[in-house]
Amino acid sequence: QVLFRKIAMNKLQICKLDFEKDIPAINEWENQFTAKEFASIKHFILEDHTYYGLNEVIVNNYEFFHIGEDERKYCLTIKDKDQIAGFILACIYDISISKPELIIQYIVMRPDYQHKGLGVAAIKELLKNSSQYFEHNPTQVIAYINKENVASLNMFTKLGFAFEKKTDDYLKAIQTTKITTNELENYKQMLQTVKERLNNLY
């Protein structure tokens, strides 16, 4: 069953990824990530060369990574008419209990669709209408983000997620309905520090 629902604000659509048709199209993005402005983004997507390309990110996480009988994996595309604007990899854990957890593993927008708020709009749609895309409605949504991945930190901050330290390199973003003013200021300061570090690298 193909999952299909319009994101009215941006005229985009979220649907189930077709491995035969969609992955070749996604592979064509590779050369777009060579531009300097997208180089750091590609670094985080490929997890410092753990993967050699976008197709490996999708196939390894969706087909080869075994997560057990109590979980479900999902790979969705964000489409603009016949063009793939992005993809989302996610999984739901603990579906046998009353509080399953959704982990957003990746959200990747094609370079020419970035910096337009479309990633935020897509995740908002996914969370608002989760029953349209997942077999089980999650009670909590989380994501693990490299602390220097400014784009992802910005996106999940805008979505109202709170952050806690997971490891020295990663933060755990947790969906919350309320963020205090102090927390928001702390996130802004953290993002500014990361931006300064990245500017010193390039």
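This is a short chat about a predicted model of one protein chain.

Q: How many helices and strands are in the chain?
A: The chain has 7 helices and 8 strands.

Q: And what share of the residues is buried?
A: Of the 202 residues in the chain, 47% are buried.

Q: What about the surface, how much of it belongs to carbon and sulfur atoms?
A: Carbon and sulfur atoms account for 47%. The accessible surface of the chain is about 11500 Å² in total.

Q: What is the mean pLDDT of the chain?
A: The mean is 79. A pLDDT of 70 or more is reached by 80% of the residues.

Q: Where is confidence lowest, and where is it highest?
A: Strand β1, residues 4–7, is lowest, with a mean of 46. Strand β5, residues 101–109, is highest, at 90.

Q: Over which residues is the pLDDT below 50?
A: Residues 1–9. That stretch still has 27 contacts in the model beyond near neighbours in sequence.

Q: Back to β5. Is that strand enclosed or open, and why?
A: β5 is largely enclosed by the rest of the structure, because 7 of its 9 residues are buried.

Q: Which strand runs antiparallel to β5?
A: Strand β4, residues 83–93. The two are joined by 8 bridges. One example is I88, whose bridge partner in β5 is I107.

Q: Which strand pairs with β5 in the parallel sense?
A: Strand β6, residues 140–146, over 3 bridges. L102 has V141 in β6 as its bridge partner.

Q: Let's stay in β6. Is N146 buried or exposed?
A: N146, which lies in β6, is buried, with a relative accessible area of 19%. The cut-off for buried is under 20%.

Q: What does N146 contact, leaving aside neighbours within four places in sequence?
A: F44, L153, D169 and Y170.

Q: Which backbone nitrogen lies 2.9 Å from a polar atom of the N146 side chain?
A: The backbone nitrogen of E148.

Q: New topic. How many salt bridges does a search of the whole structure find?
A: It finds 3.

Q: What does K79 pair with?
A: K79 forms a salt bridge with D22. Their closest N and O atoms are 3.5 Å apart.

Q: Are K79 and D22 buried or exposed?
A: Both K79 and D22 are buried.

Q: And R110, what is its salt-bridge partner?
A: D112. The closest N and O atoms of R110 and D112 are 2.7 Å apart.

Q: How accessible are R110 and D112?
A: R110 is buried, at 12% relative accessible area. D112 is at 36%, so it counts as partly exposed.

Q: Which residue meets K165 in a salt bridge?
A: D168. The N to O distance between their side chains is 3.3 Å.

Q: Buried or exposed, that pair of D168 and K165?
A: Both D168 and K165 are exposed.

Q: Last one. Among contacts between residues at least 6 apart in sequence, what share joins residues at least 24 apart?
A: In this chain, 55% of those contacts do.

Terms used: Residues numbered from 1 in each chain as written. Heavy atoms only, no water. Salt bridge = Lys/Arg side-chain N within 4 Å of Asp/Glu carboxyl O. Buried < 20%, exposed > 50% of the residue type's maximum accessible area, 1.4 Å probe, protein only. pLDDT = per-residue confidence, 0-100. Helix = DSSP H or I, 4+ residues; strand = E, 2+ residues; numbered from the N terminus. Contact = heavy atoms within 4.5 Å. Areas by Shrake-Rupley, 256 points an atom, 1.4 Å probe, with all protein chains shown as cover. Pairing = 2+ DSSP bridges. Polar contact = N/O pair within 3.5 Å; in protein donor to acceptor, adjacent residues only side chain to side chain.
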